Amino acid sequence: MSGIKEKQDPADNQGRRLFTPAGKVKRRPEAIADLVKDYIRTQGLTPGARLPQERELIDRFKAAKGTVREAMKALETQGLIFTRSGPGGGAFVAQPSAQHAMELMSTHFFFDQPSLSDVYAIRKALEPEVAALVAGHVTDGQLSLLENTMRIYDHPPGDVEEQYRQRVAELDFHSQLAQLCPNPLLGLLCGLMQNLLREHPLARQIYADPAPSSREEGLSFQYRLLAALKDGRGEDARKIAAEHMAFAEAYMLARAHQRKGFPTSD
């Protein structure tokens, strides 16, 4: 209807927006980036394949050089393409990595860190499901990798630095499980939560605290979980992982509460 203008989001809402509304027109570089993605799909290009030269892209999309360059730079930042200079150079299709994707998502929370309660709410909901799906589908080599990670923290730390490494290695155990998840989206979401904890200022302070940690209790849960994974006991694995996440949340929130100026939730 005439006279009706699209309602503008305040800056805060735009920063939190998770999608592009249907009524919002994309900027030209964003639209061209989408067209390049469509080209990669329709042409069946795989990582390492060369993309058309810049001149061809300009002609194909009827766009200015600067617009095409901005679109290609955005795709490079996303990890979908890479460029090479010199003879034989140009733009090529890249293999996006899960780690790169999680780093980009983690950056979204740089100025607005989720609380520990927020992170553990997701961990409690998702990680038991990962354990249940992985149960009975782990190889001897994968079990050995998990066991080797546990050896990093199966003994009392010699100093504060070793304690910090041990706490981070405990997260590595869960990240390795997430990588084994047959549902890649579920595994990625769990990996993101673990990455957020690695980078969370309050969590890092707790990991570096020289006070006694929950290492022994955590190991007990993980040994039980490994046995359930090896035996293919999916429901037991789900239950053990749920108990482990509830214990880890209680420990982290209690430690956070002891630190002045850091509330347990935001």
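Me: Is His 155 buried, partly exposed or exposed?

Reply: Start with the cut-offs. Buried means under 20% relative accessible area, and exposed means over 50%. In this predicted model, His 155 has a relative accessible area of 30%, so the residue counts as partly exposed.

Me: Where is His 155 found?

Reply: Look between helices H7 and H8. H7 covers 140–151 and H8 covers 160–180, and His 155 is in the loop between them.

Me: Which residues is His 155 in contact with, leaving aside neighbours within four places in sequence?

Reply: They are Glu 162, Gln 166 and Arg 215. With Glu 162 there is a polar contact, side chain to side chain, at 2.8 Å. Now compare sequence with space. His 155 and Glu 216 are 61 residues apart in sequence, yet their C-alpha atoms are 8.7 Å apart.

Me: How do I read a helix such as H10, and which of its residues are buried?

Reply: List the buried residues, then ask where they point. In H10 (residues 201–208), Leu 202, Ala 203, Ile 206 and Tyr 207 are buried. Their arc around the axis is only 140 degrees, so they lie on the same side of H10.

Me: What do the buried residues of H10 pack against?

Reply: Four partners to find: H6 (116–134), H8, H9 (184–199) and H12 (234–258).

Me: And strands? How many bridges join E1 to E2?

Reply: In a regular strand, side chains alternate between the two faces of the sheet. Here, E1 (residues 81–84) and E2 (residues 90–93) run antiparallel, joined by four bridges. Phe 82 has Phe 92 in E2 as its bridge partner. The two strands form a hairpin with five residues between them. In the turn, Gly 86 has a positive phi of about 85 degrees.

Methods. Residues numbered from 1 in each chain as written. Predicted model: local features only at pLDDT ≥ 70, side-chain atom pairs only at ≥ 80, totals over all residues. Heavy atoms only, no water. Pairing = 2+ DSSP bridges. Buried < 20%, exposed > 50% of the residue type's maximum accessible area, 1.4 Å probe, protein only. Contact = heavy atoms within 4.5 Å. Polar contact = N/O pair within 3.5 Å; in protein donor to acceptor, adjacent residues only side chain to side chain. Arc of directions from axis to C-beta.
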